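User: Hi! Could you walk me through the salt bridges in this one?
Analyst: Happy to, let's bring it up.
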Amino acid sequence: LDTMLDAVLNPTIPKENQAILSDLTRISEQDAEKAMKAVMTFLKSPELQSEYSNTVKMYIYNALKNYTKLQVQFISIKEDGQKRILCNFFPGLIDHPKWKTDEVQAEAGGALYWRISYDPVTDKCLNFRVQIVKLER
C-alpha cells in the first residue's frame with residue numbers, strides 16, 4: 001500500500017525514458033536524480049509558482065497530470081552566467097528517433113513539450129516554459 005501511495009504522490013519517469021546529454025560539463029546520474037526531485041517539488045508546490053501567470057500555471061498543472069507519460073533529457077547549459085541543467089520534457093509516445101543523443105525541440109509543440117532549468121547550487125528549478133515556439137540555447 002505504501003508503494004502504491006508513493007507512486008501516486010511522487011510519480012516518476014522510468015529510467016529508460018531519461019537521457020543525459022552533456023555539452024558543457026558532465027551531468028552525473030545523481031545530478032539528474034536531484035534535478036528530477038526538484039522538478040517534482042516545483043510542479044507540486046503552488047508557492048514556488050507565484051511568479052507565473054494563471055495560463056502558465058495551467059501548463060504546470062498539465063505537466064504534472066501527464067508526467068509519467070513523458071520522456072526527459074538532461075542538458076548541460078549556461079544560463080545567467082551559471083551552470084545549470086536544462087530538463088527538457090516531451091511526449092514519450094511520439095517518435096523522436098535520436099532523442100537519446102540530440103536535443104528535442106518543438107515548434108508549436110503544445111503543453112506536453114516543456115522545459116525547466118535546474119540550479120544544482122541552490123537545488124531549485126527556474127524558468128518553466130512551454131515550447132510553443134522553437135527555443136534556441
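Predicted model: local features only at pLDDT ≥ 70, side-chain atom pairs only at ≥ 80, totals over all residues.

User: Great. How many salt bridges are there?
Analyst: The count comes to six salt bridges.

User: What does Arg84 form a salt bridge with?
Analyst: One partner is Asp80, with the closest N and O atoms 3.5 Å apart. Arg84 also meets Asp119 in a salt bridge, at 3.6 Å from N to O.

User: Where do Arg84 and Asp119 lie?
Analyst: Arg84 is in strand 3 (residues 82–91) and Asp119 in strand 4 (residues 114–119), so this pair ties together parts that are 35 residues apart in sequence.

User: And is Arg84 buried or exposed?
Analyst: Arg84 counts as buried, because its relative accessibility is 8% and the cut-off for buried is under 20%. Asp119 is buried too, at 7%, whereas Asp80 counts as exposed at 66%.

User: Switching topic: what about Arg115?
Analyst: Arg115 pairs with Glu103 in a salt bridge, and their closest N and O atoms are 2.7 Å apart. Arg115 lies in strand 4, while Glu103 sits in the loop between strand 3 and strand 4, so the pair ties together parts 12 residues apart in sequence.

User: How accessible are Arg115 and Glu103?
Analyst: Arg115 is buried, with a relative accessible area of 2%. Glu103 counts as partly exposed, at 22% relative accessibility.

User: Last one: which residues do shared partners join into one network?
Analyst: That network is made of Glu79, Asp80, Arg84, Asp119 and Arg129, joined by salt bridges that share partners.

Notes: Residues numbered from 1 in each chain as written. Heavy atoms only, no water. Salt bridge = Lys/Arg side-chain N within 4 Å of Asp/Glu carboxyl O. Buried < 20%, exposed > 50% of the residue type's maximum accessible area, 1.4 Å probe, protein only. Helix = DSSP H or I, 4+ residues; strand = E, 2+ residues; numbered from the N terminus.
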